[in-house]
Structure formats: C-alpha cells, structure tokens
Amino acid sequence: MTSPAEALVQQLDGDDDASYAARVQLVDIGRDATLTIASGLPTLGSFGPLTAIEVFEEVADPRCGPALIALLDSDDPTVRQWAAIALASLEIDGAVQPLRRAYRACLERATPPNWSEPDGIRWALSELGARTPVVPPLTARLRATAADDAPGWPSAHFTEIIDDLADHAQVILCSQFWRVDAGRRYDVSGTALDWELDWTAPWEHLVEKSRTWSLLEASEAPVGDNIFVAPTWIDRTDLYPEG
C-alpha cells in the first residue's frame with residue numbers, strides 16, 4: 001500500500017499547482033519524509049527532482065545527502081546544478097569529491113564555464129572551502145569600500161576591477177548590476193552586449209578577450225552612487241583543474 005508521503009512524492013512530477021501543493025505538504029511532514037523522497041527520486045521525471053531538492057533544502061535533513069549526490073549524475077543539467085547548490089547550502093559531509101567529479105564531467109562535456117551548471121558547482125565548491133577564488137589586492141580593496149551588505153563593487157570602479165582581474169590572469173565571464181535603495185537591492189539591466197569566448201583558445205587569449213569585452217561593457221554600463229557591479233570570473237585552474 002502506498003503511504004501518504006509516497007503519494008506526495010509522485011505528485012512532485014505533476015503540474016505546477018500539484019507539485020507546489022505536494023512540496024508544501026512534504027515540508028510540513030519534515031524529516032519523516034526525507035528517506036521516502038530519496039527513495040522515490042529514481043521514479044520521477046525531470047521536474048519532480050527539482051521540487052524535491054527544494055524540499056530537501058527547506059527541511060535541512062542531512063540524510064538527504066546521498067540522494068543529492070546521486071542527482072549530480074542526472075541527465076538534466078538543471079537538476080545537477082540545483083543538487084550541487086543544495087549540497088553546499090546544507091553543508092553535506094562528503095560532498096566535495098562528488099562535486100569535483102561533477103565539475104570535471106562538465107569540462108569533459110565541453111560545457112562552457114559561464115553556463116549555469118559549472119557556475120553553480122564552482123559556487124558550491126567555494127562555499128565548502130574546496131575552491132578559493134583569486135581576488136587580486138586592488139579588487140579586494142575596492143570591494144572593502146562598499147557597505148558590508150552591498151551586492152558587489154561600486155560601479156564607478158568597474159574599469160579598474162576589469163584591468164586588475166585581467167592583469168592577474170583572471171577571465172571575466174559576465175557581470176551583474178544592482179541598484180540599492182533604502183537597504184533593498186534591485187536588478188539593473190546592463191548592456192545589450194552578447195559575447196561568447198572560444199574556450200578552445202589559449203588561456204592568455206581568453207584573458208585578453210574577456211578584458212576587451214568587459215571594458216566595452218563598462219563603457220556602456222550604468223553608473224551611480226547606488227549602483228553596484230558583481231563580476232563573475234574564473235582562474236586558469238577552473239578550466240584546467242590540477243590532479
């Protein structure tokens with residue numbers, strides 16, 4: 001006989017309303033539903049696991065760790081990305097090596113480093129202390145001039161940050177702009193530039209190409225005392241992991 005929790009797990013694959021309703025009820029059940037959700041994951045399609053990951057994060061039962069690690073091998077890149085982020089958010093023991101393997105798999109699939117999945121895995125590894133982003137001294141100092149809760153660097157320093165990162169052999173992938181008013185942050189549209197790097201090119205070429213495109217973006221970017229920029233960048237070791 002199917003238990004109520006098992007029935008709810010199957011509903012995770014339903015339409016938006018059904019999936020959301022099942023999610024709410026599973027969160028209410030709490031930790032008693034963790035292992036039931038984990039055992040039911042292989043029977044779900046591509047949508048159900050995403051909702052299941054949200055339940056795992058809300059319930060925060062570390063027993064979901066093996067299920068999240070297994071989802072790193074999903075055929076769906078979004079499921080793999082969400083699983084990686086959840087592993088770090090929940091500080092799951094033993095997640096580092098599976099995350100490293102998942103990142104190597106991204107590189108083997110030639111997934112561009114600026115896509116969501118590798119970005120999410122890098123974030124997870126950083127949060128778990130297994131990856132240390134390179135932050136040059138000037139970039140670190142300019143960040144320190146902003147308020148502690150500011151979402152990035154003052155936009156007026158964007159050009160300096162670009163050159164500092166490139167001078168330290170970092171490749172800028174993209175930049176997000178934010179406006180802060182009355183303690184709240186709002187997304188700000190950046191430029192209309194749409195650029196992509198040739199990831200088969202030598203690293204030094206990638207550094208200079210990203211510098212060129214980013215400086216062009218900076219010339220058209222919004223600037224103001226309450227505008228902040230949050231660039232995303234990677235080191236050579238992110239494209240060519242050691243060991």
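# Exercises on Helix Packing, Pockets and Aromatic Pairs

Helix α10 (residues 158–167) packs against helix α11 (residues 203–220) at an angle of about 180°, and their axes lie 10 Å apart. The model is predicted.

**Exercise 1.** Determine how α10 and α11 are oriented to each other, and describe their contact.

*Solution.* 
Step 1. Two packed helices are described by the angle between their axes and the distance between the axes.
Step 2. For α10 and α11 the angle is about 180°, and angles over 145 degrees count as roughly antiparallel. The two helices α10 and α11 are therefore roughly antiparallel to each other.
Step 3. On the α10 side, the contact is made by Phe 158, Thr 159, Ile 162, Asp 163, Ala 166 and Asp 167. On the α11 side, Val 207, Arg 211, Ser 214, Leu 215, Glu 217 and Ala 218 take part.
Step 4. Sorted by class, this contact of α10 with α11 comprises six nonpolar, two polar and four charged residues.

**Exercise 2.** Carry out the analysis for helix α4 (residues 47–59) and helix α6 (residues 77–89).

*Solution.* 
Step 1. The axes of α4 and α6 come within 10 Å and cross at roughly 5°.
Step 2. Angles under 35 degrees count as roughly parallel, so α4 is roughly parallel to α6.
Step 3. From α4, the residues Pro 49, Leu 50, Ile 53, Glu 54 and Glu 57 meet Thr 78, Val 79, Trp 82, Ala 83, Ile 85, Ala 86 and Ser 89 of α6.
Step 4. The contact of α4 with α6 has eight nonpolar, two polar and two charged residues.

**Exercise 3.** Describe the largest pocket by its volume and its lining.

*Solution.* 
Step 1. The volume of the largest pocket is about 460 Å³.
Step 2. The largest pocket is lined by 16 residues, and the closest to its centre are Trp 123, Arg 131, Pro 133, Pro 231 and Thr 232.
Step 3. By class, the lining of the largest pocket consists of eight nonpolar, three polar and five charged residues.

**Exercise 4.** Describe the second largest pocket, and state which element gives the most to its lining.

*Solution.* 
Step 1. The second largest pocket holds about 330 Å³ of space.
Step 2. Of its 15 lining residues, Leu 125, Ala 130, Thr 237, Asp 238 and Pro 241 are the closest to the centre.
Step 3. The elements α7 (96–108), α8 and α12 (236–239) each give two or more residues to the lining of the second largest pocket. Among these elements, α7 gives the most, with three residues.
Step 4. The lining of the second largest pocket divides into six nonpolar, two polar and seven charged residues.

**Exercise 5.** Classify the aromatic pair formed by Phe 158 and Phe 177, and locate both residues.

*Solution.* 
Step 1. The whole structure contains three aromatic pairs. One of them joins Phe 158 and Phe 177, at 5.7 Å centre to centre with 85° between the planes.
Step 2. Planes over 60 degrees apart count as edge-to-face, and the pair of Phe 158 and Phe 177 is edge-to-face.
Step 3. Phe 158 belongs to helix α10 and Phe 177 to strand β2 (residues 171–181); the pair, 19 residues apart, links distant parts of the chain.
Step 4. Phe 158 also takes part in the contact of α10 with α11.

**Exercise 6.** State how many cavities of 30 Å³ or more a search finds, and describe the lining of the largest cavity.

*Solution.* 
Step 1. The search of the whole structure finds one cavity of 30 Å³ or more.
Step 2. About 40 Å³ of space lies in the largest cavity.
Step 3. Its lining is formed by Asn 114, Ile 172, Leu 173, Trp 195, Glu 196, Leu 197 and Trp 199.
Step 4. By class, five of these lining residues are nonpolar, one is polar and one is charged.

Notes:
Residues are numbered from 1 along each chain as its sequence is written. This is a predicted model: local features need pLDDT of at least 70, side-chain atom pairs count only at pLDDT 80 or more; totals for chains, interfaces and linings use all residues. Side-chain values use heavy atoms; hydrogens and water are left out. Axes are lines fitted to C-alpha atoms, for helices over the stretch in contact, and angles run from 0 to 180 degrees between N-to-C directions. Helices (H or I, at least four residues) and strands (E, at least two) are DSSP runs, numbered from the N terminus. Angles under 35 degrees count as roughly parallel, over 145 as roughly antiparallel, 65 to 115 as roughly perpendicular and the rest as oblique. Contact means heavy atoms within 4.5 Å. Ala, Val, Leu, Ile, Met, Phe, Trp, Tyr, Cys and Pro count as nonpolar, Asp, Glu, Lys and Arg as charged, and the others, Gly among them, as polar. On a 1 Å grid over the protein atoms alone, a cavity is a set of points where a 1.4 Å probe fits but cannot get out, and a pocket is an open set with protein on both sides within 12 Å along at least five of seven lines; lining residues have an atom within 4 Å of a point. Grid points are joined across faces, edges and corners, and a volume is the space filled by probe spheres set on the points. Rings of Phe, Tyr and Trp (its six-membered ring) pair if their centres lie within 6.5 Å; planes under 30 degrees apart count as stacked, over 60 as edge-to-face and the rest as tilted.
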